[in-house]
Amino acid sequence: MSKAVPQSLRRTVAERAKRFCEYCHIREADSFLGFQVDHIISVKHGGLTEPENLAWSCFACNNNKGSDVGTVLLPGKRFVRLFNPREDRWDEHFEVENNSFYAKTEIGEATIKVLKLNEVDRIIERQMIG
């Protein structure tokens, strides 16, 4: 648990997300590891600890995201920001088929890459709970 996020704010963020990871949509009840509050824009990059900048995240998504706010997509070497659960609609950027994520947009592609949503272990986890 992050010491920087008060328990009451953690509860607010979790309840707003209905206890689903706001990135990969796994239910907290189905996860082996605890969920965490993610700073969408990390403190390192000037993000604040306030509801509009916080997301409920499974351990894997939060750990893979770290303080990243985007990534470079090849071959064009363009910087693309990550999915923002407070500003973006999930279904506009992603679709799931056979427990694999597919990007509908560059934001979806960047997020799938950084959060490693299609690593074998993550696909197996989704199959086991599906």
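1. Is Thr12 buried, partly exposed or exposed? Thr12 is partly exposed, because its relative accessible area is 40%. Thr12 belongs to helix H1. Its C-alpha lies 11 Å from that of Glu50, although 38 residues separate Thr12 and Glu50 in sequence.

2. A word on the model before we go on. It is a predicted model, in which local features need pLDDT of at least 70 and side-chain atom pairs count only at pLDDT 80 or more, while totals for chains, interfaces and linings use all residues. Residues are numbered from 1 along each chain as its sequence is written, and side-chain values use heavy atoms, with hydrogens and water left out.

3. Let us stay with helix H1, which spans residues 7-16. Helices and strands here are DSSP runs, numbered from the N terminus: helices are H or I with at least four residues, and strands are E with at least two. The buried residues of H1 are Leu9, Arg10, Val13 and Ala14. They sit on the same side of H1, because they cover an arc of only 135° around the axis. That arc is taken from the directions that run from the helix axis to the C-beta atoms. Strand E1 (36-39) and strand E2 (54-57) are included in what covers these buried residues. After H1 comes Lys18, with a positive phi near 55°.

4. Now look at the largest nonpolar core, which has 30 residues. A nonpolar core is a set of buried Ala, Val, Leu, Ile, Met, Phe, Trp, Tyr and Cys residues joined through side-chain atoms within 4.5 Å. Which residues touch the most other members? They are Cys21, Tyr23, Cys24 and Cys61. H1, E2 and helix H4 (106-115) are the elements that give two or more residues to this core, and H4 provides the largest share, five residues.

5. Contact means heavy atoms within 4.5 Å.

6. Ser42, in the loop between E1 and E2, counts as buried because its relative accessibility is 7%. Not counting residues up to four places away in sequence, Ser42 touches Gly47, Ser67 and Val69. Val80 is part of strand E4, residues 78-81, and counts as buried at 7% relative accessibility. Leaving aside neighbours within four places in sequence, Val80 is in contact with Gly70, Thr71, Leu73, Glu106, Ile107 and Ala110. Glu28 is 52 residues from Val80 in sequence, and their C-alpha atoms are 28 Å apart.

7. Helix H5 (residues 120-129) gives the patch its largest share, four residues. Another member, Phe32, is found in the loop between H1 and E1 and counts as exposed because its relative accessibility is 70%.

8. Last come the charged pairs. Side chains of opposite charge can pair when their charged atoms come close. A salt bridge is a side-chain nitrogen of Lys or Arg within 4 Å of a carboxyl oxygen of Asp or Glu. How many salt bridges does this rule give? The count is eight. One of them joins the side chains of Arg19 and Glu28, at 3.0 Å from N to O; Arg19 is partly exposed at 38%, and so is Glu28 at 22%. Arg27 and Asp30 form another, with their closest N and O atoms 2.9 Å apart. Here Arg27 is partly exposed with a relative accessible area of 38%, and Asp30 is partly exposed with 22%.

9. Please also check Arg89 and Glu92, whose side chains meet in a salt bridge at 3.7 Å, N to O.

Technical notes
Buried < 20%, exposed > 50% of the residue type's maximum accessible area, 1.4 Å probe, protein only.
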